[in-house]
Amino acid sequence: MNDKRCYELRIYTAGEGKLDALNARFRNHTLGLFKKHGMTSVGYWTPLENPERKLYYVLSYPNREFRNAAFKAFGADPEWQAVFKESEKDGRLAVKVESQFLHTLDFSPKLPAKSARQPRAFELRTYYASPGNLARLQSRFRQHTVKLFEKHKMTNIAYWELDPDQKGADNTLVYLMAYPSEAARKASWDTFRTDPAWQAAREASEKEAGGVLTLKENGVVSLLLTPTDYSPLV
């Protein structure tokens, strides 16, 4: 797989009571304007438990230079400026915007991924490798984990590493999974963890590294997501 596109994970925190309005702006205006300016919407999700009023989405572009020019044109678009002004007359919809630039790893499935007929349960997983072990962690996914996930009926959507100029690029692996349901997710992980093939792969990789491949504390962060009603990927 030779995907050279630039990917951007964007995380919005909506103002108090503003998440529905933020979603409406994306649904009714922003997606169309992104497309107009050559930006590709991969998917849009909210956390299953969302007390912080988050919206997660992924965009893709041919490269970073294209991205910067496209966002500049988007911001200057009179249609967007009118929508923005009208939608924020009673207060800001997004009080915080976070962004990470990523590129897919060689073992990642090709994007855009195929949508399901019914909305699925998604999971965004971030691994923080222990010092010097990011390449070993990626190798374990490449050689074993991705296929074992498929064996246990998990859908691999994408695997990314951060662009070199991003904070944490030397130890971070980000990937997105999908499952038919939350119950199916739990069942798949239960059987995966007890699979002798996985146990052998983990033991061999940790023996080679002289310890676990992820940080002992907060080395794996999991976030369960549900697609929005306007997400291209469901």
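Which side chain does a polar contact of 3.1 Å join to that of R10? I looked it up: the partner is Y12. My cut-off for a polar contact is a pair of N or O atoms within 3.5 Å; within protein, one must be able to donate a hydrogen and the other to accept it, and residues adjacent in sequence count only if both atoms are side-chain atoms.

Before going on, some housekeeping. I am working on a predicted model, where local features need pLDDT of at least 70 and side-chain atom pairs count only at pLDDT 80 or more, while totals for chains, interfaces and linings use all residues. Residues are numbered from 1 along each chain as its sequence is written, and side-chain values use heavy atoms, with hydrogens and water left out.

**Entry: R10**

I placed R10 in strand 1, residues 6-14. Strands are DSSP runs of E, at least two residues, and helices are runs of H or I, at least four, numbered from the N terminus. The side chain of R10 also has a polar contact of 2.8 Å with that of Y57. (Buried is under 20%, exposed over 50%, partly exposed in between, with a 1.4 Å probe and protein chains only.) Leaving aside neighbours within four places in sequence, R10 is in contact with residues including L55, R67, F71 and E98; contact here is heavy atoms within 4.5 Å.

**Entry: Y57 and the largest core**

Next I looked at Y57 from its own side. Beyond four places in sequence, Y57 touches E8, L9, R10, Y12, F26, F34, G43, Y44 and W45. I then went to the nonpolar cores, sets of buried Ala, Val, Leu, Ile, Met, Phe, Trp, Tyr and Cys residues joined through side-chain atoms within 4.5 Å. The largest has 24 residues, and Y57 is one of those touching the most other members, along with L22, F26, F34, M39, Y44 and L59. Helix 1 gives this core the most, 6 residues. I noted another core lying apart from it, with 21 residues, among them I11, L111, W160 and L233.

**Entry: rings**

I got 28 aromatic pairs for the structure. Rings of Phe, Tyr and Trp (its six-membered ring) pair if their centres lie within 6.5 Å; planes under 30 degrees apart are stacked, over 60 edge-to-face, and the rest tilted. Y7 and W160 make a tilted pair, 6.1 Å centre to centre with 55° between the planes. This pair links strand 1 to strand 6 across 153 residues of chain.

**Entry: strand 6**

Strand 6 runs antiparallel to strand 4 (residues 94-104), with 3 bridges, and W160 is the bridge partner of T104. Strand 6 also runs antiparallel to strand 7 (residues 172-179), with 6 bridges; there T155 stands opposite A178. Two strands pair if DSSP finds at least two bridges between them.

Last, I checked H152, in the loop between helix 4 (134-151) and strand 6. H152 is buried at 12%, and beyond four places in sequence it touches S188, T191, F192 and D195.
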